[in-house]
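Subject: A structure for you to look at

Hello,

Here is the structure I promised to pass on. Please have a look at it first, and then read my notes below.

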Amino acid sequence: MNTSRTAPSHRVVVVGGGLAGLAAGALLADAGAAVTVLEQRPVLGGRALVVQQKGFTLNYGLHYIVGGHASPHYRILKQLGKLDAAPLTPVKPRLLHRMRGGGLFHVPSTPLDLLTTKLLTPRGKLGLARAAVVILSADPETLWRVPVGEWLDGFAREPSLRTFFLDLVGPLSFEADPEALSAAHFVLAVRPLLMPKGPIALYPAGGWIRMFEAFKAHIEEHGGSVQTKAGVERLEIARGRVEGVWSDGVLYPAESIVLAVPPNDLAGLLKETPVDGLGPERLNAIRPTMGVAVDLGVIGLHNEQIGTIELPELNGTLGVHNLFEPSLAPQDGHVFQFLRFMTPDQMADKAEVDRTEPMILDVLEGIWPGFTQKIAVRRILIRPMLTAASHRFDQPKPDLLPVDVRTVTGLYLAGDATASAGELSHSAGNSALTVAALIRARAGLPR
Ligand SMILES: Cc1cc2nc3c(=O)[nH]c(=O)nc-3n(C[C@H](O)[C@H](O)[C@H](O)COP(=O)(O)OP(=O)(O)OC[C@H]3O[C@@H](n4cnc5c(N)ncnc54)[C@H](O)[C@@H]3O)c2cc1C
C-alpha cells in the first residue's frame, strides 16, 4: 500500500457550468485538484447556449473571441492541450462591414484600408495617426472614471474620426450609450485592433458547445465530475473558512469553492450565508449590458462576402455566422444574429423591444431583396443580461467583484462581473485563469 505517500487531494467545487466555471474547473483538474462542477440547468454553457433547429445551429449567446491568440480562451485551450478537440478559426477581416448613412463599408483592417476608407474624411485620416499614438501611449489606470466621449474630445474632435472610434464601442463592449464607456476599457479593447499581432478575432469551430465539451472531458479525464440539474442552494462556511456547498439536500465538501455565477445568482446563493464584502448592496450595484437578439436561419440566399455588419445607427451588430463556421448552417443556408444593445428604459418598453425585428428585416431586405421570404427559422430573445457587468465610466473595473474573497478562506469568484481584465467574455476567461493560479499556489497543487 502506498496511500500514505499520496498527497490528499484538494477538493474544489465549482458552482456554474458556463465559460468561467468550466474553464476554471478544467484548469484546476489539470493542476491536480479533485474537481466537481455543479450546474443548475440541464445543459452546460450558461449564456453561451447552443440550440439546434431545422438543421441550423444557433449560438444564443457568445460568438466571437476578440483578441485572437492573446485571448484567455485561446490560452486556456492551449494550456490544456485541447486546441485539437476545440479548434478556433481565425475571423477573416475582409468579411467585416459597417453600415453608415445607408452605405455598406469594409471595416478597415490594414493600414492601406485606413488610407482608402470612405468612413473617414481626409482630415479624419490625418487625425487618425495622432489619435492612434494617444490611444497606444495612454495609461488606462488614469482613465477608469472618464467617459470615452469626453476623452475623445481631447484629441479626436474631427467628426468622422470621433464617430469612427465611437462606432467600435457597441460591438466591443455591448454598451448601449457608447459615449459613456469607460475610456480605460476603450483603450484596452481598441489597442489590439490598432496593433494586431495575429488574427483580430477567433471563432469556435463547431460552435461553443465544442469548447465546453472539451473542458468537461478534461475534468473527467482527471477524475473530476460535471453535473447538470444540480443547483446549489447555499454554502457551508464555518469559522471564516469554506466547508462545502448544498445541492438538493446533499453536502458537497470542499476546501475551495469557486462561484462562477452572475451577481443576481450570487445574491440568491449568499442569502442564507452572507459574506462580508458581498452584501446585496454591492451585488445590486452591478449593472448588466442588455438587449434583444434576433436569430434567423435562411435558405437560398447567395452570400460569400458579408460576415458581419456593425450597425451603430441601430445600436446593434449583425453576424452571418456560417461564413466563419460553415457547420452552423445546412447546405444553401445562412445563420444570422442581430444583437441590439438597449438601455433599461428601452427594455421596459414593449413597443421599443418589438421594433427590433422589423428594424433589422428592413436592413436585410435592402441588401438582399426577398430576404424575408427565405427565413426558415426565427427566434427573438430578450436578454436582460448580455454581459453581467457593463464597463461604463460610472461602473468601472475597480468597482466590480473581486476574484479573491479575502473575508472567507477558500472562497473565490469567477465570471464576467469580476474585475478581471477584458471586455465581454474575456473577464470570464481571465478570472478562471486567476482563480486557478491562486488555488494552485495556496493549496500546493502538484502541477
Ligand atoms: C446574445 C449574446 C451574445 C454574446 N456575444 C458574445 C461574443 O460574441 N463574444 C464574447 O466574448 N461574449 C459574448 N457574449 C457574452 C458571453 O456570453 C458571456 O460573457 C459569458 O458567456 C459569461 O460566462 P460566465 O461563465 O461568466 O457566466 P454564465 O454563462 O452566465 O454562466 C453561469 C452559469 O451558472 C449557472 N448557475 C447560476 N446559479 C447557479 C446555482 N445556484 N447553482 C448551479 N449553477 C448555477 C447558470 O445556470 C449558468 O450556466 C454574448 C452574450 C449574449 C447573451
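These are the things I found in it, beginning with the whole chain.

This is a predicted model, in which local features need pLDDT of at least 70 and side-chain atom pairs count only at pLDDT 80 or more, while totals for chains, interfaces and linings use all residues. Residues are numbered from 1 along each chain as its sequence is written.

The chain has 15 helices and 20 strands (DSSP runs numbered from the N terminus, H or I of at least four residues for helices and E of at least two for strands). Its radius of gyration is 22 Å, close to the 22 Å from the globule rule for 447 residues, so the chain is as compact as a globular protein of that length (the radius is taken over C-alpha atoms, and the rule is 2.2 Å times the number of residues to the power 0.38). Along the principal axes, the C-alpha trace spans about 75 × 50 × 40 Å. Of the 447 residues, 48% count as buried (20 or more other C-beta atoms within 10 Å of the residue's own; 12 or fewer is exposed, in between is partly exposed, and C-beta atoms are placed from the backbone).

Next, look at helix α1 (residues 19-31), which packs with two other helices. The axes of α1 and α15 (residues 426-443) come within 8 Å and cross at roughly 30° (axes are lines fitted to C-alpha atoms, for helices over the stretch in contact, and angles run from 0 to 180 degrees between N-to-C directions). The two helices are therefore roughly parallel (under 35 degrees; over 145 is roughly antiparallel, 65 to 115 roughly perpendicular and the rest oblique). Among the α1 residues that meet α15 are Leu19, Leu27 and Leu28 (contact means C-beta atoms, placed from the backbone, within 7 Å).

With helix α9 (residues 208-221), α1 packs at an angle of about 30°, with the axes 8 Å apart. Here too α1 is therefore roughly parallel to its partner, α9. The contact includes Leu22 and Ala26 of α1, and Phe212 and Phe215 of α9.

Finally, two loop residues. Most residues other than glycine have a negative phi. Phe174, not a glycine, has a positive phi of about 65°; Phe174 lies in the loop between α7 and α8 and is buried, with 25 other C-beta atoms within 10 Å. Asp332 has a positive phi of about 70° and lies in the loop between β17 and β18. With 11 C-beta neighbours inside 10 Å, Asp332 counts as exposed.

Best wishes

Terms used
Two residues are in contact if their C-beta atoms, placed from the backbone, lie within 7 Å.
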